[in-house]
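Colleague: Could you walk me through how to read a ligand site and a sheet? I would like the general idea and then the case at hand.

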Amino acid sequence: MLQERKILLIIGGGIAAYKSLELLRLLRSAGAKVRVVLTSAGCEFVTPLSASSLSGDKVYTDLFSLTDEAEIGHIQLSRDADLVIVAPTTADLLAKIATGQADDLASTLLLATNKPILLAPAMNVRMWLHAATRRNVERAKLDGCFFIGPGEGSMACGDFGPGRMTEPLDILNAAANLMDRDLDKGSAAKSLPLEGKKVIVTSGPTHEPIDPVRFIANRSSGRQGHAIARAAAQAGADVVLVSGPVSIPPPVGVQLICVETAKEMLAAVQQSLPADVFIAAAAVADWRVERIEASKIKKDKNGLPVLKFIENPDILAEVAASGEARPPVVVGFAAETDGLLANAQAKLTKKACDLIVANDVGVGSDVMGGLDNIVHIISRDKVESWPRLSKDLVAEKLVRHISLLLSNGDK
Ligand code: CTP
């Protein structure tokens, strides 16, 4: 997977550092050459000796080591690698990355490198959710860092929530995927794969009103749809993002149309056609309330209210059946709690689309509202299963997959 690849693994100071030794072992078994940098806090959790035994190389800890500088200067150490992985990325390391501090070896290397950086955060849930960390994550993303995780679960400190470092095998897969992407970039010889193409993406939930103050919604965050819109724009496409109500910012360089309901989403999509690609990533409400009350429904009026639902238009199915106006590539999502592949395959046929991106949103899945996704790409004749990846990486891989379909004319 990573034959001949050079990885710089920075191990930060958190309890998850013990998992980084397993990551180091996996990277080496995948064929990578790994150099390890331990922060001073990292040294409190794993020893340079254990990291060095596993990497088969010297471990670097000190910015001002005369011996190290004589052997390999710190700038060269940062540039020699094909990929830099920071695992665990502690709150402190993330803050240094986001603000460009360089007061020790790890932060100096991160500032000096010209290679992709993959961050695997691990911290207490409150630290992860703190406004400062939220800002630092957004800043680091804007600066081009890639994230994997954190996952959700119980933590060493006894708290529960997001903040656990992603499992080493999933970090390995994300690293391999980033390396593939770099190869593709090289072979694409600078021409952008979706240059001159128009892509429409739906994203987020829809809100279906009940009365002036209440509505029906779902847990969709819009992260996957927004990431797809960003990846398509970065691939050179002219992107229209039709988004339901979300709390994340729109990607730079896309045309954003904000809607609330499924009917508004359908109208916005239809107005934006024709297009080369339509990607329905929104979690559209299947039903809406038949009669929206003009005034707030009062508690004490006629006992418990009874809501009568009617079906919403199916945007994906309508676009796929739009005859002449049908985009050459139509992609749907299937969020399933049971019978994932069978239900997704049935959806591909029923909604007449070219690809279905299937994901499991059943009990225990952290996909809806989370940062990572585990998807299966279903076409008429095959199923491709991808490992757990961040939603940004799923988006990039999907956009590459769609570009190939468009250029081969093969769906
Ligand atoms: N979709 C849509 N319009 C709808 C419902 C769904 O465009 N009214 C799209 C979604 O954006 C997604 C796909 O259809 O790409 C599948 O949505 P999903 O909710 O998983 O399937 P449903 O068709 O709603 O079927 P079910 O609820 O029975 O699973």
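**Ligand site and sheet**

Modeller: Start with a polar contact, a pair of N or O atoms within 3.5 Å. Here, a backbone N or O atom of Ile 315 lies 3.1 Å from a nitrogen atom of the ligand. Likewise, a polar backbone atom of Pro 313 is 2.9 Å from a nitrogen atom of the ligand. This is a predicted model, where local features need pLDDT of at least 70, side-chain atom pairs count only at pLDDT 80 or more, and totals for chains, interfaces and linings use all residues. Numbering runs from 1 along each chain as its sequence is written, and side-chain values use heavy atoms, without hydrogens and water.

Colleague: How many residues surround the ligand?

Modeller: A residue counts if one of its heavy atoms lies within 4 Å. For this ligand that gives 14 residues, with Ala 280, Ala 282, Asp 286, Phe 333 and Lys 351 the closest. Ala 282 also places a backbone N or O atom 2.6 Å from an oxygen atom of the ligand.

Colleague: Which strand gives the most to the shell?

Modeller: Strands are DSSP runs of E, at least two residues, numbered from the N terminus. S17 gives the most, with four residues.

Colleague: In what order do the six strands form the open sheet?

Modeller: Two strands pair if DSSP finds at least two bridges between them. The order is S3-S2-S1-S4-S5-S6, with parallel pairing. Strand S3 (59-60) and strand S6 (146-147) are at the edges with a single partner strand each, so one side of each has no neighbour in the sheet. S1 (residues 6-11) and S2 (residues 33-38) pair over six bridges; Leu 9 has Val 36 in S2 as its bridge partner.

Key
Polar contact = N/O pair within 3.5 Å; in protein donor to acceptor, adjacent residues only side chain to side chain.
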